[in-house]
Protein chains: 6
Amino acid sequence: MSTVAPPPDPEADPRVKAVFDDIRATRKSDFINNMWLWLAFDPDLLERTWAEVKTVMAMPSPLDPLMKEMLYIAVSVTNGCGYCIHSHTAAAKVKGMTDAEHADLMRVISLAAKTNQLAMALQVPVDTVFDASGETKASERPA
Amino acid sequence: MSTVAPPPDPEADPRVKAVFDDIRATRKSDFINNMWLWLAFDPDLLERTWAEVKTVMAMPSPLDPLMKEMLYIAVSVTNGCGYCIHSHTAAAKVKGMTDAEHADLMRVISLAAKTNQLAMALQVPVDTVFDASGETKASERPA
Amino acid sequence: MSTVAPPPDPEADPRVKAVFDDIRATRKSDFINNMWLWLAFDPDLLERTWAEVKTVMAMPSPLDPLMKEMLYIAVSVTNGCGYCIHSHTAAAKVKGMTDAEHADLMRVISLAAKTNQLAMALQVPVDTVFDASGETKASERPA
Amino acid sequence: MSTVAPPPDPEADPRVKAVFDDIRATRKSDFINNMWLWLAFDPDLLERTWAEVKTVMAMPSPLDPLMKEMLYIAVSVTNGCGYCIHSHTAAAKVKGMTDAEHADLMRVISLAAKTNQLAMALQVPVDTVFDASGETKASERPA
Amino acid sequence: MSTVAPPPDPEADPRVKAVFDDIRATRKSDFINNMWLWLAFDPDLLERTWAEVKTVMAMPSPLDPLMKEMLYIAVSVTNGCGYCIHSHTAAAKVKGMTDAEHADLMRVISLAAKTNQLAMALQVPVDTVFDASGETKASERPA
Amino acid sequence: MSTVAPPPDPEADPRVKAVFDDIRATRKSDFINNMWLWLAFDPDLLERTWAEVKTVMAMPSPLDPLMKEMLYIAVSVTNGCGYCIHSHTAAAKVKGMTDAEHADLMRVISLAAKTNQLAMALQVPVDTVFDASGETKASERPA
């Protein structure tokens with residue numbers, strides 16, 4: 001059940017077809033997942049979103065592709081987005097995430113959720129040494 | 001401004017002193033950041049929290065220490081925890097995060113926030129091929 | 001699957017019947033959606049919630065009814081409330097939201113989610129000119 | 001720094017004065033906290049909000065007043081609302097919350113944040129026995 | 001549909017069996033809910049999570065067991081974790097939560113969500129009297 | 001206090017200068033707010049973010065500019081992003097938001113937060129008539 005109807009024949013629209021063709025070429029797979037089918041209700045939204053995802057996930061980067069998927073999972077879990085958790089966990093497995101890495105990801109992100117809750121609850125003031133902006137004078141920093 | 005007062009002389013309590021000594025030894029630094037000073041209002045809470053953080057962040061792991069800090073940042077940003085964002089960004093820099101890696105982290109987690117919002121808004125149904133639980137029959141999966 | 005059982009014959013309770021009658025009269029429709037059926041497990045909670053929704057959504061207002069539904073969608077998507085996203089998207093369509101408006105709503109709220117994530121991650125300090133409270137002296141404001 | 005200016009002389013408006021008088025009488029204290037000063041920018045919003053808070057927090061209830069404040073803290077911490085965390089923690093202390101209770105509150109709500117994150121990440125399906133709505137057939141329930 | 005497959009015969013692993021036996025003994029019930037079946041994909045994660053839940057929920061505490069479950073519900077609802085909302089609402093009912101208490105819980109946590117939203121939107125500055133950390137001078141505090 | 005240092009002389013970098021010049025031209029103002037100064041730590045991130053904000057907020061759209069700012073506020077408040085709440089509230093005022101509209105925005109988004117919490121807590125099932133995806137058969141829809 002969803003809030004828009006994906007077009008019955010999305011590739012009848014040449015803009016949609018061009019994006020789908022690029023998804024298939026980029027991923028070397030015929031499979032188009034639902035996110036793109038649904039976004040096809042508005043070709044402009046589909047084009048912009050795919051262009052951005054392709055660029056950010058595939059551009060030369062100091063972060064390797066699996067790490068990016070894990071970061072995506074961390075954000076998606078914290079936001080509670082079921083679709084995103086499923087699709088990026090699947091993508092991380094395709095990129096080689098092992099069960100041991102998956103379990104370790106769980107340990108880190110669940111611990112982060114817990115200590116976030118504690119720091120928030122106590123309203124712990126930020127240590128001035130953590131300031132990177134230059135607003136804190138050098139003399140206040142530890143040797 | 002915070003919701004509890006850190007003890008005026010926290011290390012007068014031997015349980016607090018033991019934790020602080022372990023923090024200093026583990027990190028090879030005399031610096032105790034505010035999170036631990038504030039948690040010292042309850043020695044049991046301090047002990048349990050430090051034990052867990054130390055174990056999860058330092059145990060032999062398929063994820064390297066910098067990656068763990070970046071995952072911590074991803075969760076903390078999504079939760080909007082200012083203290084946690086500051087402390088784990090500082091920690092990531094200590095562990096070698098470059099400006100280019102920091103910027104790339106921004107690209108990935110801000111894109112994730114955006115596509116999370118889209119998938120949520122459209123209530124896109126999860127593709128059955130993303131199911132890892134065995135509930136989806138093999139015949140429904142792509143070849 | 002839910003956490004309370006809606007009453008088997010909700011309108012047997014005169015307080016519930018009065019609310020349901022008012023919902024039908026206000027909306028000029030016989031349809032009672034699940035939110036109200038489920039809230040009927042506690043007539044007081046039902047009465048208060050309906051009274052507030054009716055007042056806020058229908059009172060003379062500088063915001064038009066469609067805009068209010070779009071704001072409701074924006075909050076519901078950000079909170080990740082599936083029921084709310086579905087019901088208010090349906091309501092917005094009843095009030096005339098076109099596909100183009102829907103797509104534009106997606107563009108704005110997904111961009112907002114993204115730049116929120118960036119501002120949070122960098123912990124950008126608030127410009128003093130954005131202060132409306134009078135705490136910032138006039139001399140600090142730009143000409 | 002805030003997004004609206006509280007009125008310079010809020011009690012010059014008789015509607016605001018009436019609410020402030022009721023706050024003072026209800027709480028047996030002359031202190032008006034900032035939340036109410038700021039809401040006074042719109043007397044209608046002030047009246048409605050105070051009426052609702054007063055009713056819900058003071059009405060005869062199966063939950064005692066301290067428990068209500070702790071629930072308020074739990075929600076506020078999870079939402080990351082600094083003002084709310086401060087004001088309701090202060091209110092809980094006025095209603096008798098001890099340091100031991102405060103620490104235990106921290107244990108429970110931080111554990112909840114952690115296990116929430118795990119259940120989300122694994123997308124654990126809900127057990128049918130947890131269904132209270134009557135949709136699950138009796139035969140599927142455990143003896 | 002979920003992101004990991006629970007093991008087909010989880011108790012074949014002696015570490016999993018030991019945890020499941022302890023869950024059954026602690027709860028005096030043969031029922032193992034899905035959370036634990038799914039966590040069994042990694043015995044270490046299962047052991048640590050159960051150990052922590054058992055300790056925090058069962059340790060001698062100033063908060064009674066029902067109150068802890070209600071706090072758990074408050075956090076889970078605010079995080080939007082469906083599994084957690086279902087399992088802890090069911091647990092609260094087992095511990096005696098009545099319909100009247102459930103409805104009152106709804107009143108408090110939905111009001112908290114609302115006033116959180118207002119305090120956030122107005123960016124109300126925190127009153128200095130709410131400061132528990134000792135950073136605010138005594139002279140600034142009310143008599 | 002923030003997690004990156006804005007460059008001391010940002011416009012020494014021609015890519016940064018080009019973006020800042022475009023911001024000034026687009027807004028017909030010399031003022032560059034902190035968000036852009038901070039993003040200048042990575043020119044690529046600055047360029048992409050500004051290009052997207054400019055396009056989405058300024059493109060011909062069925063939504064008027066003030067409405068877009070209000071939607072931005074709704075998302076920012078729900079995410080708890082202080083910087084974003086401040087900057088978009090200021091922008092909405094520049095685009096003509098009156099105090100009455102501001103107060104009405106507060107009424108709608110705080111009510112949305114409250115009813116989101118209720119729908120989540122009860123786990124109300126989505127009515128099939130709200131389905132826009134075509135998955136629900138026509139016969140299940142009301143006449």
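**View 1. Two domains of chain A, with centres 25 Å apart over C-alpha atoms.** Domain 1 spans 8–59 and domain 2 spans 61–124 of chain A; such bounds come from an automatic or database domain assignment. Seven residues of domain 1 of chain A and five residues of domain 2 of chain A make the contact, where contact means heavy atoms within 4.5 Å. About 520 Å² is buried between domain 1 and domain 2 of chain A, with 57% from carbon and sulfur atoms. Buried area is the accessible area (1.4 Å probe) that two parts lose on being put together, summed over both.

This is a predicted model: local features need pLDDT of at least 70, side-chain atom pairs count only at pLDDT 80 or more, and totals for chains, interfaces and linings use all residues. Residues are numbered from 1 along each chain as its sequence is written, chains are lettered from A and ligands numbered from 1 in the order in which they are written, and side-chain values use heavy atoms, with hydrogens and water left out.

**View 2. The interface of chain B with chain A.** The contact takes 66 residues from chain B and 66 residues from chain A. Together the two chains bury about 6200 Å², and carbon and sulfur atoms carry 75% of it. On the chain B side, B:Leu111, B:Leu122 and B:Phe130 lose the most area to chain A. Together they give 11% of what that side buries.

View 3. Helices (H or I, at least four residues) are DSSP runs, numbered from the N terminus. Axes are lines fitted to C-alpha atoms over the stretch in contact, and angles run from 0 to 180 degrees between N-to-C directions. Angles under 35 degrees count as roughly parallel, over 145 as roughly antiparallel, 65 to 115 as roughly perpendicular and the rest as oblique. The crossing is left-handed, a term for a near helix turned anticlockwise from the far one by less than a right angle; clockwise is right-handed. α3(A) brings A:Leu45, A:Thr49, A:Glu52, A:Val53 and A:Val56. Facing them in α6(B) are B:Arg107, B:Val108, B:Leu111, B:Lys114, B:Thr115 and B:Leu118. By class, six are nonpolar, two polar and three charged. Ala, Val, Leu, Ile, Met, Phe, Trp, Tyr, Cys and Pro count as nonpolar, Asp, Glu, Lys and Arg as charged, and the others, Gly among them, as polar.

**View 4. Helices α1 and α3 within chain B.** α1(B) (residues 14–27) and α3(B) (residues 43–58) pack at about 20 degrees, axes 9 Å apart. That makes the pair roughly parallel. Their crossing is left-handed. Among the contact residues are B:Phe20 and B:Ile23 of α1(B) and B:Leu46 and B:Trp50 of α3(B). The contact divides into seven nonpolar, one polar and six charged residues.

**View 5. Helices α4 and α6 within chain E.** The axes of α4(E) (residues 65–79) and α6(E) (residues 99–122) come within 11 Å and cross at roughly 45 degrees. The two helices are therefore oblique. The crossing is right-handed. α4(E) contributes E:Leu66, E:Met70, E:Ile73, E:Ala74 and E:Val77, and α6(E) contributes E:Glu101, E:Leu105 and E:Ile109. Seven of these residues are nonpolar, none polar and one charged.
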